[in-house]
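Here is a short tour of a two-chain model, meant to be read with the structure open beside you. Let us look at overall fold and packing.

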Amino acid sequence: MDTFSLEHIGAGFSDPTAASQRIFRTSLTVLSRPGTILEADSDATAPEGIGAAANAILLALLDQDVALYVSPTHVAVASAYYRFHTGCSITSNLEDADFVLLASTDRIPALSALKTGTEYAPELSATLVWEVAKLASGDGLTLTGPGIESSVRLTATPLDAAFLSARAETISLLPRGVDLFLTCDNRVCGLPRSTRIRG
Amino acid sequence: MNADVSRAPDSSDSGYNFAYLDERTKRMIRRAILKAVAIPGYQVPFGSREMPLPYGWGTGGIQVTASIIGRDDVLKVIDQGADDTVNAVNIRRFFTRTTGIATTERTVEATVIQTRHRIPETPLQDHQIIVYQVPIPEPLAKLEPREAETKMMHGLAEYGLMHVKLYEDIARYGHISTTYDYPVMVDGRYLMAPSPIPKFDNPKMHMNPALQLFGAGREKRIYAVPPYTKVESLAFDDHPFEVQRWEQHCALCGAKDSFLDEVITDNDGGRMFICSDTDYCGQRRENLAAVPANVAEAKSA
């Protein structure tokens with residue numbers, strides 16, 4: 001059993017009820033309106049290297065009922081933090097994870113390595129929180145689908161060809177799939193499985 | 001009992017967590033709502049809690065509302081379109097007591113609208129969320145009672161059963177006899193029960209700017225229609241979908257475009273038709289009273 005010292009763990013929300021609700025509503029808005037970028041700040045002290053938005057979303061949504069996979073980039077500093085503040089379990093197997101925290105330097109994992117649910121229970125699937133290097137409205141990718149009136153443009157780096165082909169694979173699996181929160185510092189954008197992306 | 005009645009009703013009740021539910025329950029429901037939004041029209045199972053009112057009184061809608069609502073929200077609750085009916089009054093009071101948030105009867109002022117069986121006549125806007133109370137979330141339940149079977153039909157998008165039901169209606173009555181809870185296809189994938197709203201309201205769900213959430217407490221299901229999502233009422237090419245129409249206008253405000261309730265006024269067959277949406281009707285009457293010229297216009301129309 002590994003032990004950890006509390007003195008190296010930053011603060012969580014000072015008012016968990018209000019902060020969780022506010023961050024959840026931001027998550028709900030961005031996931032139901034793909035391409036919309038909102039700020040998701042909180043007064044929590046994120047582990048070093050993790051952006052404010054990614055941290056707030058994880059603190060708001062995790063608890064003892066879910067398992068979190070932390071990117072190898074962050075695993076040393078972040079595992080104890082989320083386990084302490086939320087009670088979630090930490091898994092090193094991507095296929096067991098309900099939530100996945102990825103760093104901007106990570107590659108998008110192969111879909112076959114993630115929980116995608118089944119045809120009959122597509123909700124038993126992973127939610128990815130991916131910290132990207134750049135996140136902005138306009139240019140870049142064209143998004144269409146539920147939550148988008150006609151179409152919307154989004155720039156996110158590194159959403160490259162490898163990501164787009166992984167996403168194309170996702171579309172063929174619908175309603176199975178994974179849902180994404182793209183975060184950059186204190187900003188977040190939702191990319192549910194239902195969104196169609198063109199490069 | 002008496003202690004409850006005498007307690008000051010003015011502010012939120014400090015004996016409860018914000019919005020009644022405990023934080024872990026809210027997080028579980030929030031995660032279910034996010035998956036429901038990501039898979040439009042799919043019914044996500046959730047651990048429905050026992051609420052301080054019986055199943056059938058909106059326990060699903062209340063749990064969804066309790067999980068999304070915050071201190072800055074303005075809540076409107078309607079029951080069959082009316083703000084002043086017993087179910088609406090009690091749910092509104094429940095949230096006033098457990099959250100202390102502001103409530104309103106005006107559709108335009110609300111950020112969260114919980115509804116039983118109607119969509120407001122006033123068009124919803126993109127900052128609003130509408131929460132439906134749902135008794136039977138499974139649109140195929142009356143045709144196929146086995147849940148294992150209906151789950152498979154949804155998994156395979158195999159909805160022939162519902163089309164046969166609608167066809168049999170046409171063969172027997174000459175038209176589709178379903179007038180409320182009229183089945184819809186969401187984003188071309190999932191067959192969904194729109195809750196027992198009149199089919200008059202079905203077209204309002206299509207490409208609506210507001211987020212639509214559905215909660216079924218007894219059946220333990222949450223589902224969603226994101227904003228700007230295609231919602232198509234089932235029909236046939238030679239029997240297109242049609243909504244109810246009335247010969248009458250609203251007897252109070254003169255509206256010709258709203259859903260009308262028939263009210264019996266005496267024992268001699270006297271009756272009148274009035275708007276089911278009390279806020280819409282009230283606003284129209286206020287506007288008519290403010291501009292006398294319009295009254296004459298409305299009467300001559």
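What follows takes chain A and then chain B.

This is a predicted model, where local features need pLDDT of at least 70, side-chain atom pairs count only at pLDDT 80 or more, and totals for chains, interfaces and linings use all residues. Residues are numbered from 1 along each chain as its sequence is written, while chains are lettered from A and ligands numbered from 1 in the order in which they are written.

Chain A has four helices and 10 strands; here helices (H or I, at least four residues) and strands (E, at least two) are DSSP runs, numbered from the N terminus. Read from the N terminus, its elements follow the order α-β-α-β-α-β-β-β-β-β-α-β-β-β. For its 199 residues, a compact globule would have a radius of gyration near 16 Å, and chain A agrees at 16 Å. That radius is taken over C-alpha atoms, and the globule rule is 2.2 Å times the number of residues to the power 0.38.

Chain B holds nine helices and 12 strands.

| Chain | Span | Buried residues |
|---|---|---|
| Chain A | about 50 × 30 × 30 Å | 46% of 199 residues |
| Chain B | about 60 × 60 × 40 Å | 44% of 301 residues |

Conventions
A residue is buried if 20 or more other C-beta atoms lie within 10 Å of its own, exposed if 12 or fewer, and partly exposed in between; C-beta atoms are placed from the backbone.
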